[in-house]
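Subject: A structure to look through

Dear colleague,

Please find the structure below, followed by notes on what was found in it.

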Amino acid sequence: MRSVDSGTEEEPPPFLGTWGRVYATVLAHLAFWIVVFYLFTVRFDLPS
Amino acid sequence: MRGVDWVVLIVSLVAIIGYGLYRARGSNTVESYLLAGRTMHWWVIGLSIMATQASAITFIGTTGQGYVDGLRFVQFYFGLPIAMVIISAVAVPLFFRSNVYTAYEYLEKRFDSKTRTLASLVFLVQRGLGVGLALYAPAVVLSVIMGWPEPVTIATMGILVVTYTVIGGIKAVMWTDAQQMMVMFSGIVAAFLAAVWGLPSDTSFLDAIHLAGITGKMQAVDLNFDWENRYNLWSGLIGGTFLALSYFGTDQSQVQRYLTGKSIRHMRISLLFNAVVKVPLQFVILLTGALVFAFFVYVEPPLLFNPIERAKMEERQDGAYQAVQSRYQAAWSARSEAARRVTASREASAENAFVVANTELGVIRQEAIGLVEESNNGETYNDTNYIFLNFVIGYLPAGLVGLVMAAVFAAAMSTISAELNSLATVTVIDHYRRYLFRNRTDKHYQRAAKISTAFWGVYATVFASFGGQLGSLIEAVNVVGSLFYGSMLGVFVLAFSPWRVNGFGAFSGMIAGLAAVAWTASYTEVTFLWYNLIGCVMTVAVGLALGRGATAES
């Protein structure tokens, strides 16, 4: 069983330096897709 | 299915299960059996989380939804990345440091035993009802499509899943999940390409999108807010976030996946991997459904996609179905002709003719569905789940049919195995070890976990075997299952928050949250995505009002 005092929780993310930046990138990625889908809707959705 | 499809299907399933069992060897302690010794890498956890969520009905129903309703269902997933970020930042470090086996065990550390017991019982009821359905629902569809008797499909899937879950524990479950998710990815890509290649040579991909668009199927984002509209940007972002927080943050069938992580970093990345992949993946699945719609603009689809119901209707002596069928063929020909004019000229008159013919086809299909429901004593009939598999079986090349069917089986088994595994874990850790047999050996609890897994597997198989006789109770089971998440999330919000709330407050809050959601579901028209928000807010409010005191931890 791993130790409660294990220092692994301090491990930085493998990219972008801090977890805050990783989270911001994930949310920006979501925003990107929403914008893409919105543009897709504007371009192709022609409600009958 | 042709011979090569059977070979692909059987080889895929045997290879996946064999590899899962191979990776699970040496699971001889309770921690390795239930938590893989907390050694798993992020990519296995990430794929396992995705496979657990993607049930067979999700897989085949989502493409069917894309066919019928277009892309708007993708908004349902907009809250998922937000929830994953919150869980990664808040819940993961707390779960990791507390060294728990179950999410509910954490509630006892934070509050008291009765809160833990209530939450774990809620999970057992909710997931216990769900696991039978997770086996029954795809078995019905697969039996119809493959021409197998329902008991054979249920028994085949049940025996396979229970065997590898009991023998290999969570390592077998997660390694098979990972392979199964890869098969699902392949199946989705194969179906997408087949739908594109199946279009006539004079119809491009953009023409197909245009045709789907003029029938309103390309609305991926709806900015209008409406409490009663299930899928819009706001219900997806707000309601979807609460739903995803509840499912991924408090449901043991998901929490147990990332509790196996070797470090906080692996746990977090597995969740963030899902956050990044899930939304575009769902878009592709729905778009595949919309392309199947475009494919069937040029190839006449059956009036009813379920071959058994179709055969029953064709045998009717009163001519009602045949009359609907001949009107259907005329409407389909008119739509197909209009579609060719649309792709040739993009004229408004051609587009109008296409839309009118498509609406007429929809009305006629509803009439046919009405005839099925009438002959089944008014029981609700859903033809949507058969659309995608009809396309796969009828129009995909040899080999790819077997691959997609393997993906459907994989989707079913990955969900069921994770549910059996988590049900057994909660049964043994939160009840058996907590109340019945304390301080026994590690071997004793591992044996109990195996027996518990087998018990839940047999229960699920028996439940699914009687599924056909449950009728509308099936729908009730689905509804009941969706009522619990909000209060479960609320109690975890209290647990993870810095607020000083005692066990009495958390327990009372949970009861109040359950009551609030039950009232909302019974007496209002509010759509289910908001139940989680309502249950959560009520639980937190009552918890704070009644429980401002010392916590168990303090």
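A residue is called buried if 20 or more other C-beta atoms lie within 10 Å of its own, exposed if 12 or fewer do, and partly exposed in between, with the C-beta atoms placed from the backbone. By that rule, buried residues make up 17% of the 48 residues in chain A. Chain A has 1 helix and 0 strands, where helices (H or I, at least four residues) and strands (E, at least two) are DSSP runs numbered from the N terminus.

Before going further, please keep in mind that this is a predicted model, in which local features need pLDDT of at least 70 and side-chain atom pairs count only at pLDDT 80 or more, while totals for chains, interfaces and linings use all residues. Residues are numbered from 1 along each chain as its sequence is written, and chains are lettered from A and ligands numbered from 1 in the order in which they are written.

Where the chains meet, 32 residues of chain B are in contact with 25 residues of chain A, contact being counted if the C-beta atoms of two residues, placed from the backbone, lie within 7 Å. On the chain B side, helices H5 (79-98), H9 (205-214) and H12 (264-298) each supply at least two residues, and the largest share, 8 residues, comes from H12(B). That side of chain B has 21 nonpolar, 7 polar and 4 charged residues, where Ala, Val, Leu, Ile, Met, Phe, Trp, Tyr, Cys and Pro count as nonpolar, Asp, Glu, Lys and Arg as charged, and the others, Gly among them, as polar.

Within chain B, helix H4 (residues 56-69) has 14 residues and reaches 19 Å from its first C-alpha to its last, close to the 20 Å expected at 1.5 Å a residue; the expected span is 1.5 Å times one less than the number of residues. Because 11 of the 14 residues of H4(B) are buried, this helix is largely enclosed by the rest of the structure. What covers those buried residues includes H7 (113-146), H8 (150-197), H12, H16 (387-395) and H17 (400-436) of chain B. One residue of H4(B) is Gln65(B), which counts as buried with 24 C-beta neighbours inside 10 Å. Leaving out residues up to four places away in sequence, Gln65(B) touches Phe73(B), Leu286(B), Gly289(B) and Thr384(B). Just after H4(B), Gly70(B) takes a positive phi of about 85 degrees.

Helix H16 of chain B holds Val392(B), which counts as buried with 27 C-beta neighbours inside 10 Å. Apart from neighbours within four places in sequence, Val392(B) is in contact with Ala191(B), Val401(B) and Val404(B).

H8(B) also packs with helix H18 (residues 442-465) of chain B, at an angle of about 170 degrees and with the axes 10 Å apart. Axes are lines fitted to C-alpha atoms, for helices over the stretch in contact, and angles run from 0 to 180 degrees between N-to-C directions. H8(B) and H18(B) are therefore roughly antiparallel to each other, a term used for angles over 145 degrees. The residues of this contact divide into 9 nonpolar, 6 polar and 1 charged.

Finally, 8 of the 8 residues of helix H11 (residues 252-259) of chain B are buried, so H11(B) is largely enclosed by the rest of the structure.

With best wishes

Conventions:
Parallel < 35°, antiparallel > 145°, perpendicular 65-115°, else oblique.
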